Amino acid sequence: MDLYRRAPGTGLRYLGHAGFVAEHQGVRLLMDPWFYPAFLHSWFPYPDNRHLLDVVTSGRFDYLYVSHAHEDHYDERLLRMLDRSITVIVPRYRSRIMVKRFAALGFADVVALGHKESHELAPGFTVTMYLDTSHKEDSGLLLDLDGYRFLDLNDCNTPMSELPGDVDLLAAQYSGAMWYPNCYDYPPEVMRKKVEAVRGDLLDTLYRKVRITGAAAYLPSAGPACFLDPVLEAYNDREATIFPQWEDVADRFAEACPGVEVLRLFPGDVVRLDDQPGGTLVERDSDAPPAEDLAAYRERRRDEWGAFYDEPAEPVTIEEIEAYFAKLQSWNKRFLGDFAKDVRLVADGRMWDVRLGHLAEHFVIEGEEPYDPEYTLLLCPRTMRAVIEERTGWEEALLSMRVGLHREPDVFDLTFMSLLRYGNQPVQTMQMLRERQNTETIERDGLRMQRFCPHAGEDLTHAVICDGVVECPRHHWKWDATTGECVDGGTLPLRVEPLT
Ligand code: FES
């Protein structure tokens, strides 16, 4: 079976989630194909796209692009099934993680592109890489198909000031892909407000991306996933979580972005761009299964989510925890500086208090309650063992939604969360250190302030400044414009002073 029913031309076939096949000038580019469960067997593509698996594994592709290392984009089981003669296009991250991984898989032809670097796939078919230029290692790709510009941002947050314009079609995330706030133990009313705020922020960020890129059309993509393990069922609730479906937010988008065409695609649908002067044509996939029934989907994939329960679950020992955190801290010594924090790990009725920042001390105390920890992480023994044995990272464990969280006070701690999320790639925490030391400033609205957001490096050239408050356009942290004190989102201050 071929990808397109008609003769090959110019088009995009949607594979579900953030996956596409783009074809132009007889050249085929496979992008972020995701089929098998991610993050400790918890995330599955939604709707189910398995009817396209053969199409992808037996198809002919000239190029493959994988945007970043998250398992819903870098699906190693699927990638092992692909022809190794495909030329792989990857972002050139500081960690070189993508280059190393594809080399290890046996792909000999890997093209690593830096921010805004282009590569010609065929005459009239060029791709340009767009990176999240902060410490985060995410990327998007701009495809130029003889003047038709398709920007696949998936879940990448390239700084607004770096985004390209004149985009014909933008594919980007609208739904969440994060454990906050749903994995925290907030009372129902607090949770409802926090969910509402995050959903609003996600949409606001999307509206800005649409406006800044000048996108004529928008393609909802890169989520939400679904959770088939019955213990994670609560995260399929589209109202109570940060994982809405497009139909839940479509009206708000239409109101905020009037005139922007929305291409709502399902796995297998094709956007034809060749024979439609000035427009697009969507061909629905007649092989696609009927509307998704999650119970039936769960049954079909029982072996795959059930594989989580085949993983080792022996309780970890105090020595293993000590060794793990000692290594993590020593790798990130310069990043941590004089940082100190008491955290508690709880698994299977046992708990361990970890005093981060006290490398020289015996910092794990088992089964006692000598400290009031600021962060508590609740894990099942399987998840704990997977992390401690470094078969998975904290980032992946948190994304799996298999970790419960409590913090006291209820304040985001950037250093602690970054140690967990990026500590196994110290090149990323070192970059965070550099970002903190960056002294570049911008002048706006009578203020001189630091150019890059202290949270995750967004360019504050596009910040909203209103009623004495500076608001970052990416995750919407807010600062007092006079004092620089963070008043919403986190704790890190903003360097700001009045222009004289
Ligand atoms: S980058 Fe996250 S709030 Fe600015």
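This is a predicted model: local features need pLDDT of at least 70, side-chain atom pairs count only at pLDDT 80 or more; totals for chains, interfaces and linings use all residues.
Select Pro224 to start: this residue sits in the loop between β13 and β14 (226-227). Strands here are DSSP runs of E with at least two residues, helices are runs of H or I with at least four residues, and both are numbered from the N terminus.

Residues are numbered from 1 along each chain as its sequence is written, and side-chain values use heavy atoms, with hydrogens and water left out.

Next, go to Tyr46 and Pro47, which are also joined by a cis peptide bond, with omega about -5°. Pro47 belongs to the loop between β4 (43-44) and α1 (53-57). Keep Tyr46 on screen and show Arg238: the charged end of Arg238 sits over the Tyr46 ring, 4.9 Å from its centre. "Over a ring" means that NZ of Lys or CZ of Arg is within 6 Å of the ring centre and within 35 degrees of the ring normal. For another example, select Arg402 and Phe308, where the charged end of Arg402 lies over the ring of Phe308 at 3.8 Å from its centre.

Time for aromatic pairs. Rings of Phe, Tyr and Trp (its six-membered ring) pair if their centres lie within 6.5 Å; planes under 30 degrees apart are stacked, over 60 edge-to-face, and the rest tilted. The count by this rule is 22 aromatic pairs. One of them is Tyr14 with Phe20, a tilted pair at 5.2 Å centre to centre with 45° between the planes. Is Phe20 buried or exposed? Phe20 is buried, at 0% relative accessibility (buried is under 20% relative accessible area, exposed over 50%, partly exposed in between, with a 1.4 Å probe and protein chains only).

Now try Tyr218 and Trp246, a tilted pair at 5.4 Å centre to centre, with 55° between the planes. Tyr218 lies in strand β13 (residues 217-221) and Trp246 in helix α5 (residues 246-256), so this pair ties together parts that are 28 residues apart in sequence. Then select Phe39, Trp43, Phe227, Tyr235 and Phe243 together to see one aromatic cluster.

For the last stop, pick Asp146, in the loop between β10 (139-145) and β11 (148-154). Asp146 is not a glycine, yet its phi is positive, near 50°. Asp146 is exposed, with a relative accessible area of 52%.
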